[in-house]
Amino acid sequence: LQLHLLDSCSSLSPARYCHWFVSVYSCFRIEFVMVSTLELNRERYISLLSRLIGESEFLQNNPPNYIPQEDRAVKHLLEVLRPHSQECSGPLRVEHISYVEQRGNLMVEYSPDGAKGHIAIMGSHLDVVPANPLTWNWDPFKLTVEGDRLYVGVAPLTALSSELMLQLAEKKPSLRFTVTAIFIASEENPTILDVGADMLLKQGRLDRFKQGAVYWLDSCETHPRIGTAAVMIWSLKVIGKRAHSSLPHRGINSLELAMDAVEYIQKRFYQDFPPHPGEKDYNFATPSTMKPTQVCCAEGNVNEIPDWTKVKGDVRLTPFYSIEECKTKLQGYIEEFKKKLDQLCRGPSKYKVSASKESGECVAHLELTFEGQAFKGVACDLQSRAFQYLHEATKEVIGESLPFSICGAMPLVGDLKEAGYNIQMCGYGHSSVYHGDNEYCTFGCMANGLKILGRVLDKYNASYEEIFGH
């Protein structure tokens, strides 16, 4: 064919020949690369989703009460993917990677002959947040379908990643790079370490993706998500002195003191971490925040002053501020506040009780600690091809692309960005019901998600030489 084409064009000038050759080559290339024509297989998608949700009662992640068994989900993924694996003479390389018994990860690779460069679809996780059947209108551990709406507590993006790899295996597009879907364990709770993506990174299993791009598929609203916040959990323990409520001057009300302490810390936090100019550029919905979300105190009658109170909450820090600096500042605020205890009171309630015949002097005690490891925030590279391709593909499929940022956190994303990976984020759920009762997705949004991912792969293929080299 090549000799025939050359012979037929022997009379063309060099300039016209080059123009002709590029046109013909482009036609052939487009014919072989149309990943964007992928259509979500409704029957197969819903079948897998149903099986995954059927396991979700055992995938809940909130230690020590709930420790997930992600291999229960892996089992169903393997059932649909293994027939297309290399061990069954298919094109997919399927690898089940476990660091903790019953808590595996899954890597699925599509790598045509001669592929160079890597694109990863990552973030689809196998664990879920706990769901309370008493507060749902539907059974959260069983798929309910109402037209386009799929009531799920887990797995729509996991099933979508699986469907992408299945269709690549079936259609065998001539991609000139490797596509890898990575299904991870232990995403919803960071308490237990070295199980999921954190361990894959430590073991070097993700190193090859530094030469390409990583699309973190665990967001919402279809539009590209371009920023996340750092998140750290704090706990304030306040020790006072028990007394009868009719004699507040003889006790130290730990609950009142905790309220005053949190108010002081918040005031100082917002002075030192005000809205940052970069938040506007990244369309952050809110600036950084520091707030209480839980409180408990010593049990007793309503007429007793509690002698201890514990307040927990979080700090959500946009990626333009330092986590370590914030931790240091918070500890400093507590030290400042302690020095003011002599001056503080609520009516007759004070936080330092003088010595009496019955007891010596008593001064309140406050301790601020941080729980677990902080998630790092990320601001995606908006000048990279990885973002531009996602932005363009979204616009082509749904008619517009409105990149946004929220102060939600994603595990490992900040670590990958810090380590030099090109991280981009996307997802096709609905934030209005994210992790809420009666959570749902829509089949239409998931179908659009597959089309967007397909177009992204097409764009990489069309620019292969510029990105990955010859």
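Author: Helices, of at least four residues, and strands, of at least two, are DSSP runs numbered from the N terminus. The model discussed here is predicted.

The second largest pocket has a volume of about 420 Å³. Its lining comprises 21 residues. Those that lie nearest the centre of the pocket are Leu193, Asp198, Gln373, Leu412 and Asp415. Two elements, helix H6 (197–202) and strand S18 (365–375), each supply at least two residues of this lining. Helix H6 gives the most, with four residues. Sorted by class, the lining of the second largest pocket holds 11 nonpolar residues, together with four polar and six charged ones.

The strand to be described is S3, which covers residues 118–125. Eight of its eight residues are buried, so strand S3 is largely enclosed by the rest of the structure; buried here means under 20% relative accessible area.

Strand S3 is paired with strand S6 (residues 178–184) through seven bridges, and the two run parallel. Within this pairing, methionine 122 stands opposite isoleucine 182 of S6. Strand S3 is also joined to strand S7 (residues 213–217), here by four bridges, and these two strands likewise run parallel.

Key: Residues are numbered from 1 along each chain as its sequence is written. This is a predicted model: local features need pLDDT of at least 70, side-chain atom pairs count only at pLDDT 80 or more; totals for chains, interfaces and linings use all residues. Side-chain values use heavy atoms; hydrogens and water are left out. Buried means under 20% relative accessible area, exposed over 50%, partly exposed in between (1.4 Å probe, protein chains only). Two strands pair if DSSP finds at least two bridges between them. On a 1 Å grid over the protein atoms alone, a cavity is a set of points where a 1.4 Å probe fits but cannot get out, and a pocket is an open set with protein on both sides within 12 Å along at least five of seven lines; lining residues have an atom within 4 Å of a point. Grid points are joined across faces, edges and corners, and a volume is the space filled by probe spheres set on the points. Ala, Val, Leu, Ile, Met, Phe, Trp, Tyr, Cys and Pro count as nonpolar, Asp, Glu, Lys and Arg as charged, and the others, Gly among them, as polar.
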